[in-house]
Amino acid sequence: MSIFGFLATVKLGEATSGGGFWMPEGASTVAAEVDEVFYFINNINYFFFALCTFVLVYFAIKYRLKPNHHSGFSHDAPTHNTPLELTWSIVPLFLVGVMFWLGMDGYLRLNESPEDAYPVSVTGQKWSWTFQHPEYGVTEAGELTVPLGRPVRLLMTSSDVLHSLFIPAFRVKNDVVPGRYSSLWFEATRPGQYRLYCSEYCGKDHSKMLAVVNVLPEEEFQAQLGKLAREYEDIEDRDLPVYALTRLYNRCASCHSLDGKSGTGPSFKGLWERTKNGTTAFTDGSTLADYMRPGGEFEVPENYIRDSILNPQHYIVQNYLGAMPTFKGQLKERQIDALVLMIKNMDRLVDEQGNPIESPDLGDADISTGAGQ
Amino acid sequence: MTGDPRPLEQPTLTDNYLTYTRGFLSWALTLDHKRIGLMYLCSVLLAFLLGGIFALLVRTQLLVPEGLIMDQDDYNQAFTLHGGIMVFLVIIPSTPAALGNFVLPIMLGAKDVAFPRLNLMSYYLWVIGAIFMVYSIFGGGLDTGWTFYTPYSIDQNSAMGGVIPAVTGAFILGFSSIFTGMNFIVTIHRLRPKGMTWFRMPLFLWSIYATAVIQVLATPVLGITLALLAVERAFGIGIFDPTLGGDPVLYQHFFWFYSHPAVYIMILPAMGIVSELIAVHSHRHIFGYSFIAWSSVAIAMFSFIVWGHHMFTSGQSPLVNVVFSFITFSVAIPSAVKVFNWLATMYKGAISWNTPMLYGMGFIFLFVIGGLTGLYLGTLSTDIHLHDTYFVVAHFHYVMMGSALIGFIGGLHHWWPKMIGKMYNENAGRVAFVLFFIGYNMTFFTQFMLGSHGMPRRYATYPADAGFQMYHIISTIGSYMMAIAFFMMAAYFISSIFGGRRAAANPWGGRSLEWQCTSPPPHDNFSEQPEVGDCYDFSVLRWDEATQGYVWREDVDRPGEKSHA
Ligand SMILES: [Cu+2]
Ligand SMILES: [Cu+2]
């Protein structure tokens, strides 16, 4: 893009995404409270900033060294003044005391999640978010659907490095730590879609680790989750590859391309060919063919794909690092089947450039997942 | 009055430390604190250029939402190296090691620091550390952020291969910093001249002293932490790695236990410089001397018990968060009062608008913004929203760059005539300051709004429809203005060496001892130990048109001199 090209794309009026100059529009019960504390501090700061700047500029001009008056500097100006010094120590001390108190008070409430909060389990992994709704048996990726006007509690963990879940409109944030649980809660007050960011640096695609929070009124929420709960149950086997490409592939996309370019992981294009022929080489010097002999672990090649998804550290493909997180426990059996079928039929699903084909012809597709063979 | 001229009035150039001996080895193996200071200065400025280039790459990338010039991996390296170089190679050594080395012994009227050989060793440790740091770029790359957070940094599959060279570099730089600190502590204790009691020391020395105490006490913790990190990455022994039963958050505690005090290693010396700049260029006794002195020490002590405020969202217990928030606010007070003291020093002064004074005033303005915006971050409920966003980036740049680095640059303008013996072009200095100051605020003030609207830090790309781009564009333009200002500085400093007017011994009218020897000082600084007076009493000086410097008034006695009556 040319340097001037992008300048033209900037819309001046959109400098802030709703809300005020300082804070974006809030959409949760705590947002208003946090903003109140923010603006309280803001007012005090405006005052002190104005005071200091005024005094600085005023003195600088008023007491400016006059030309040709380079000597006879007085030594009588006060060098200390106890009442003044006490005042300017104690007044700020009092003010920051109030700030501390307000901040603590708000924080402790932000920290106590209500008993009856709607639970969601969150897993952060490089570089996507997975949201599980235990009450519905639904797993979402990249999108979190929550009810309006009901407290929601996120129980979070990471399957690799540190992440941090941040929803600016709700004024909530908490780190997501591997090997332990952390939590946060919010109650959305306006239906709509809100951005969710990863705010703790986590590597290459940290800035792509985004999701959307979808706040729906209670009835719509229940309908939506009911629909999601049945989603892959109702799908015909024949439609599983397309389902995987449209609904599941986004969790692999940051590492696996569809057009043959290798990224953090090998491209899905041509992967099945390699697997079927056993030509994939591993870092330990073995090749897939070594395990495909009769009685071998991968006599059925589909099982290699399964194993790659569930135990990615097991065999590491040559020229790559063991960077893939496990999806064990995050995908349902049927979803894993769908991914296996997607990879098997990749050349029918996408064109040469890796773009999905509108309505792919899967009439004679091989839809055996290798299970039971 | 006798009519005879006083030899000390305008010291004559007997010899000059710059040309005292010649040849490469006479510099490389020098034990002269002034030469070591100058070598530090050149090295630090070179590192600053490198860190600045990475900063410009980062800013240029963010002109467009999808990133203008780099892919994610390159961007991640750019901001990591920018941070690592600026913190470890530039700001931490800038004032203490470069300016402090030059000025401190002369301010004490001493010939050198207490341990000149250790001083030279500190310098070479810096060089070796710097080589390791820069090597990490080629030895696999470094993309952990300057904080090296675990488990990312210890995961062979996540972080790039340069982690071990980089932490080795930081480890070695730590020793450089510890040795400098030790050296200065001993020097200030042992080499103060007759008559210079603790409370007659120039405030710059107080701040260097407080800094040195932190350097000696806190830096070993960083060293051990980084050593553990390297061992963990290489051998996987399970300290920080959760899959081996380690605790990744423990690393953050260790890291900030050093790195919060390190914030004061960076800012305290700058505060010391500003105390000198404001007093000398206002020709007015500093207001509240003992408070400023004590507050340096108080800040140094408090700095050890506030580290947890970097971790409010790390999952540490709410009680711990409340306690850290509380203590953090108590550090705000000594800093605030310093500002009031500086302002009060200008009251009824005779303020010359020299370039160093402009930086002194610029410091106050930027430090006020940096300090006040810290209040949102010390307050728990607002910090939850602002943590790890550009708001924090803006805040610490106001403190680290707007204050710590500006103090250093102000000090450089202040002591340049002393160090080099030449005056730079005053008008060019003022123009560069104005350009820098405007560019600075464009770059970083916008980042407050970016952060409060939710832009997380360390993002190579950002959503196009979130309203962030306008701020990023202003910010980037500001950073280019700063770059131009820095090149102007380089130009007028360098040209002053060759074409500048000779500097008088005391061009600004300072009273501390460094203004009583020639510019540049002789090899031994003073031929006889100078007498110490009140270093903030400027009424005894007068301007001398002939030498373009300040001299002792004929009608006032020098300290230690018999009355002429
Ligand atoms: Cu992240
Ligand atoms: Cu800190």
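**Entry 1**

Is A:Asp105 buried, partly exposed or exposed? I looked it up in this predicted model, and A:Asp105 counts as partly exposed, at 36% relative accessibility. My cut-offs: buried means under 20% relative accessible area, exposed means over 50%, and partly exposed lies in between, with a 1.4 Å probe and protein chains only.

Some ground rules before I go on. Residues are numbered from 1 along each chain as its sequence is written, while chains are lettered from A and ligands numbered from 1 in the order in which they are written. Because the model is predicted, local features need pLDDT of at least 70 and side-chain atom pairs count only at pLDDT 80 or more, while totals for chains, interfaces and linings use all residues; side-chain values use heavy atoms, with hydrogens and water left out.

Back to A:Asp105, which forms a salt bridge with A:Arg109, the closest N and O atoms being 2.4 Å apart. I count a salt bridge when a side-chain nitrogen of Lys or Arg is within 4 Å of a carboxyl oxygen of Asp or Glu. Side chains of opposite charge can pair when their charged atoms come close. Both residues lie in helix H3 of chain A, four residues apart, about one turn of the helix. Helices (H or I, at least four residues) and strands (E, at least two) are DSSP runs, numbered from the N terminus. A:Arg109 is partly exposed too, at 41%. I also found that A:Glu33, A:Asp105 and A:Arg109 are linked in a network of salt bridges.

**Entry 2: other salt bridges**

I got 22 salt bridges over all chains. One of them joins A:Arg334 and A:Asp237, at 3.1 Å from N to O. That pair links distant parts of the chain, 97 residues apart: A:Arg334 sits in helix H8 (333–344) of chain A, and A:Asp237 in the loop between helix H4 (218–230) and helix H5 (240–248). A:Arg334 is partly exposed at 22%, and A:Asp237 is partly exposed at 41%.

B:Asp388 lies in the loop between H11 and helix H12 (390–420) and B:Arg457 in the loop between H13 and H14 of chain B, so the pair ties together parts that are 69 residues apart in sequence. B:Asp388 and B:Arg457 are both buried.

**Entry 3: domains of chain A**

The domain assignment (bounds from an automatic or database assignment) gives chain A domain 1 (3–63 + 80–110), domain 2 (118–233) and domain 3 (237–349). I checked domains 1 and 2 of chain A: their centres, taken over C-alpha atoms, are 31 Å apart. Here 13 residues of domain 1 are in contact with 10 residues of domain 2, contact meaning heavy atoms within 4.5 Å. They bury about 1,000 Å² between them, 51% of it on carbon and sulfur atoms. Buried area is the accessible area (1.4 Å probe) that two parts lose on being put together, summed over both. A:Ala27, A:Ser28 and A:Thr29 supply 48% of what domain 1 buries against domain 2, more than any other three residues.

**Entry 4: where the chains meet**

How many residues of chain B are in contact with chain A? I found 105, against 97 residues of chain A. The area buried between the chains is about 8,600 Å², with 68% from carbon and sulfur atoms. There are two salt bridges between the chains; A:Arg195 forms a salt bridge with B:Asp465, at 2.9 Å between the closest N and O atoms. On the chain B side, H9(B) gives the largest share, 14 residues.

I also looked at B:Thr313, in the loop between helix H8 (289–302) and helix H9 (318–346) of chain B. B:Thr313 is buried, at 1%. Leaving aside neighbours within four places in sequence, B:Thr313 is in contact with A:Lys173, A:Asn174, A:Asp175, B:Ile384 and B:His387.

**Entry 5: cysteines**

The cut-off is a pair of cysteine sulfur atoms within 2.5 Å. B:Cys535 is in no disulfide, as the nearest cysteine sulfur, that of B:Cys517, is 15 Å away. B:Cys535 is buried, at 9%.
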